[in-house]
Amino acid sequence: MDDLGGIKLIQASELNSGIVRDAVAYWQSKRSGDAPPLSDTFDPLEVPRLLPHLVLKDVRRDPWDFRYRVVGTTVREHSRHNWTGKWMSEVGGQGEGSTVFRVMRWVSEGRRPAIFRPPYVGPHKEFKYCEAAVMPWCDRQGLVDRVLVAVDFLMA
């Protein structure tokens, strides 16, 4: 799974969103070397202004799936539904064949972040695009057990 099939990854330095850039910086600050940070080092109290833009997902293997643990208020406002507690396989258009599922699995298997500009498909047509960072967090055995997603909704 070395390829994200048409998704153009960008560098954090290319982000227009200060929110997503700050989330990536926070993730980087928690890392030890090249490994993803440990899940138990994530502290929401350290990033209060980012919380509305964050989604935290649990990772399950065999079969792969991702559960929405926390969905920030800004993400909920600009999405069609509140998916807190749902597995992606339970949400229409987010199952195994979807782009968003493919990104979550790529990040989880590769233990590396994906920073990109996904299309906005929510109810508010005034947004022209989104920027997102999908970042892996590991348990003490080194397996990715959580994925943190930072999303910002931007005007052209």
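What is the relative accessibility of Arg-111, and what does the residue count as?

Modeller: The model is predicted, and local features are described where pLDDT is at least 70, side-chain atom pairs count only at pLDDT 80 or more, and totals for chains, interfaces and linings use all residues. Residues are numbered from 1 along each chain as its sequence is written, and side-chain values use heavy atoms, with hydrogens and water left out.

Arg-111 has a relative accessibility of 31%, so it counts as partly exposed. In these terms buried means under 20% relative accessible area, exposed means over 50%, and partly exposed lies in between (1.4 Å probe, protein chains only). Arg-111 sits in the loop between helix 3 and strand 3, the latter being residues 114–116. The backbone of Arg-111 has a positive phi, near 55°, in a residue other than glycine. Most residues other than glycine have a negative phi, and most peptide bonds are trans.

Asp-62 is not a glycine, yet its phi is positive, at about 55°. With 75% relative accessibility, Asp-62 counts as exposed. The peptide bond that joins Asp-62 to Pro-63 is cis, with omega at about 0°. Pro-63 belongs to the loop that leads from strand 1 to strand 2, and strand 2 covers residues 65–71. Pro-63 has a relative accessible area of 52%, so it is exposed. Its C-alpha atom is separated by 9.8 Å from that of Glu-96, which lies 33 residues away along the chain.

Aromatic rings are the next topic. A pair of aromatic rings is described by the distance of the centres and the angle of the planes. Rings of Phe, Tyr and Trp (for Trp, the six-membered ring) are paired if their centres lie within 6.5 Å; planes under 30 degrees apart are stacked, over 60 edge-to-face, and the rest tilted. By this rule there are six aromatic pairs. One of them is the edge-to-face pair of Tyr-26 and Phe-42, with 6.1 Å from centre to centre and 75° between the planes. This pair links distant parts of the chain: Tyr-26 is in helix 1 (residues 18–30), while Phe-42, 16 residues apart from it, is in the loop between helix 1 and strand 1 (54–60). Tyr-26 and Phe-42 are buried. A stacked pair is formed by Trp-64 and Phe-66, whose ring centres are 6.0 Å apart and whose planes make an angle of 25°. Trp-64 is buried, and Phe-66 is too. Through ring pairs, Tyr-26, Phe-42 and Trp-137 are linked into a cluster.

Trp-83 is in the loop between helix 2 (73–77) and helix 3 (99–110). Its relative accessible area is 17%, so Trp-83 is buried. Apart from neighbours within four places in sequence, Trp-83 is in contact (heavy atoms within 4.5 Å) with Tyr-68, Val-71, Val-91 and Gln-94. From the C-alpha atom of Trp-83 to that of Val-151, 68 residues apart along the chain, there are 15 Å. Gly-6, by contrast, is exposed, with a relative accessible area of 79%. Gly-6 is found in the segment before helix 1.

Finally, the chain as a whole. The protein chain has three helices and five strands, and along the sequence they follow the pattern α-β-β-α-α-β-β-β. About 45 × 30 × 30 Å is the span of the C-alpha trace along its principal axes. Of the 156 residues, 45% count as buried. Among contacts between residues at least 6 apart in sequence, 56% join residues at least 24 apart.

Note on methods:
Helix = DSSP H or I, 4+ residues; strand = E, 2+ residues; numbered from the N terminus.
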